[in-house]
Amino acid sequence: ESNDPLMSTHEGEEFIYVLEGEVIVTYGDKVYTLEPGDSIYYDSVVPHNVRGGVEPAKFIAVIYTPM
């Protein structure tokens, strides 16, 4: 479908902490809606997508990729 998010996959790990607004994380076949104070940590090898929700968002993302 054209509404499906474009998924990314790569070696490494990611951590996201939401400061403001809403962040939607698709991880594999699951979808998580994060709000201020929420966080998520995942293996980047699994197909994933991070996008803003209804409200504009500010978040901190830490991405680790092995050299």
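This is a predicted model: local features need pLDDT of at least 70, side-chain atom pairs count only at pLDDT 80 or more; totals for chains, interfaces and linings use all residues.

Me: Which residues form the nonpolar patch on the surface?

Reply: That patch is made by Phe15, Tyr17, Leu19, Tyr41, Ile60 and Val62, and together they have about 550 Å² of accessible area.

Me: And which strand gives the most to it?

Reply: β1 does, with 3 residues. Both β1 (13-20) and β6 (58-64) supply at least two residues each.

Me: Take tyrosine 17 in strand β1. Why does it count as partly exposed?

Reply: Because its relative accessibility is 32%, and partly exposed covers what falls between under 20% (buried) and over 50% (exposed).

Me: OK, now inside. What makes up the largest nonpolar core?

Reply: Seven residues: Ile16, Val18, Val23, Val25, Leu34, Ile40 and Tyr42.

Me: What is tyrosine 42 in contact with, leaving aside neighbours within four places in sequence?

Reply: Glu13, Glu14, Ile16, Val25, Tyr27, His48 and Val50.

Me: Switching topic: where is threonine 65?

Reply: In the segment after β6. Threonine 65 counts as partly exposed because its relative accessibility is 41%.

Me: What does threonine 65 touch, not counting residues up to four places away?

Reply: His10, Glu11 and Gly12.

Me: And how far apart are threonine 65 and valine 23?

Reply: They're 42 residues apart in sequence and 22 Å apart in space, C-alpha to C-alpha.

Notes
Residues are numbered from 1 along each chain as its sequence is written. Side-chain values use heavy atoms; hydrogens and water are left out. Patches are made of residues with over 30% relative accessible area and no salt bridge: like charges are joined within 9 Å, nonpolar side chains (Val, Leu, Ile, Met, Phe, Trp, Tyr) within 5 Å. Accessible areas come from the Shrake-Rupley method with a 1.4 Å probe; for residues, only the protein chains shown count as cover. A salt bridge is a side-chain nitrogen of Lys or Arg within 4 Å of a carboxyl oxygen of Asp or Glu. Helices (H or I, at least four residues) and strands (E, at least two) are DSSP runs, numbered from the N terminus. Buried means under 20% relative accessible area, exposed over 50%, partly exposed in between (1.4 Å probe, protein chains only). A nonpolar core is a set of buried Ala, Val, Leu, Ile, Met, Phe, Trp, Tyr and Cys residues joined through side-chain atoms within 4.5 Å. Contact means heavy atoms within 4.5 Å.
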